[in-house]
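The following exercises are to be worked through with the sequence and the coordinates at hand. Each task is followed by a solution in steps.

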Amino acid sequence: MTVAPFTIPLWADLAAVGIGALQGAMFASRIKEHRIDLLGVALIGIIVGLGGGLLRDILLNQLPAAMRSNWYLVVATAAALLGMLLIRLFDRLNSLIIALDAVTIGLFAAIGTTKALAFGVPEVPAIFVGVVSAVGGSILRDVTLNLPIALMHVGSLYAVAAGVGTTLLVMMHLLGANILVAAIACVLVTTVIRLLAVRFGWSLPEQRAIGSWRVWRRA
């Protein structure tokens with residue numbers, strides 16, 4: 001079953017990209033041992049702001065949205081440079097940025113999933129595309145900076161929030177709900193889970209089976 005993809009106005013998409021780029025630049029500017037210059041910070045911002053959308057469109061074999069408008073690269077670069085130059089100011093607004101980032105995760109997840117469904121992708125792979133769209137920027141950031149991928153460590157349910165939201169979207173779609181209503185529900189659920197996880201420090205349990213294998217063997 002195919003659907004019309006959930007879309008948001010260009011300004012809202014650019015704002016989401018800008019928030020991602022801002023956070024990427026703030027992250028990069030704190031890693032003093034890497035001695036990242038202005039170009040490096042700009043590149044990290046672009047990667048974080050646009051990475052999820054680029055991976056989504058690559059998975060769907062489409063020209064990336066960032067390549068269809070002049071504004072995406074400009075906004076991502078400007079936001080990255082602002083994030084680095086005004087890091088002290090944005091640190092004071094960290095709670096607001098986290099909240100906006102949570103909404104951004106939900107938006108990217110909903111857009112990615114509905115776009116995949118619109119191209120005829122089955123439901124489970126469509127959920128995967130939505131999650132990649134939501135968290136792809138952070139994965140590319142860590143790979144670029146040669147850091148352990150934060151998504152794979154105990155954290156605050158970044159990908160899980162997107163996974164729950166996109167699963168809800170697909171289930172509502174299968175039950176016949178309007179795709180706009182399903183997408184809004186995805187954004188709301190993803191945002192709430194992410195914010196609650198940050199507020200209360202929720203995370204998935206750390207794996208112990210591999211580390212305790214020898215203990216089991218001795219027993």
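This is a predicted model: local features need pLDDT of at least 70, side-chain atom pairs count only at pLDDT 80 or more; totals for chains, interfaces and linings use all residues.

**Exercise 1: Annotated spans**

Task: Examine the helix content of residues 38-59 and of residues 124-143.

Solution. Step 1: The unreviewed UniProt entry places the feature "transmembrane region" at several spans, including residues 38-59 and 124-143.
Step 1: Residues 38-59 are 100% helix and 0% strand, with end C-alpha atoms 31 Å apart.
Step 2: Residues 124-143 are 100% helix and 0% strand, and the end C-alpha atoms of that span are 26 Å apart.

**Exercise 2: The second largest pocket**

Task: Describe the space in the second largest pocket and state which helix gives the most to its lining.

Solution. Step 1: The second largest pocket holds about 400 Å³ of space. Of its 22 lining residues, Asp13, Arg56, Ala65, Tyr72 and Ile111 are the closest to the centre.
Step 1: Helix H1 (10-29), H2 and helix H5 (94-118) each supply at least two residues of the lining. H2 gives the most, with seven residues.
Step 2: Sorted by class, the lining comprises 11 nonpolar, six polar and five charged residues.

**Exercise 3: Nonpolar cores**

Task: Identify which residues have the most contacts inside the largest nonpolar core, and which helix gives the most to this core.

Solution. Step 1: The largest nonpolar core has 28 residues, and those with the most contacts inside it are Ala110, Ala116, Ala134, Ala162 and Leu169.
Step 1: H5, H6, H7 and helix H8 (179-200) each supply at least two residues of this core. H5 gives the most, with seven residues.
Step 2: Leaving aside residues up to four places away in sequence, Ala134 touches Ile105, Phe108, Ala109, Tyr158 and Ala162.
Step 3: Another core, of 12 residues, lies apart from the largest one; among its members are Ala21, Leu50, Ala66 and Ala79.

Conventions:
Residues are numbered from 1 along each chain as its sequence is written. Side-chain values use heavy atoms; hydrogens and water are left out. UniProt positions are given in the numbering used here, feature names are shortened, and annotations may be inferred rather than shown by experiment. Helices (H or I, at least four residues) and strands (E, at least two) are DSSP runs, numbered from the N terminus. On a 1 Å grid over the protein atoms alone, a cavity is a set of points where a 1.4 Å probe fits but cannot get out, and a pocket is an open set with protein on both sides within 12 Å along at least five of seven lines; lining residues have an atom within 4 Å of a point. Grid points are joined across faces, edges and corners, and a volume is the space filled by probe spheres set on the points. Ala, Val, Leu, Ile, Met, Phe, Trp, Tyr, Cys and Pro count as nonpolar, Asp, Glu, Lys and Arg as charged, and the others, Gly among them, as polar. A nonpolar core is a set of buried Ala, Val, Leu, Ile, Met, Phe, Trp, Tyr and Cys residues joined through side-chain atoms within 4.5 Å. Buried means under 20% relative accessible area, exposed over 50%, partly exposed in between (1.4 Å probe, protein chains only). Contact means heavy atoms within 4.5 Å.
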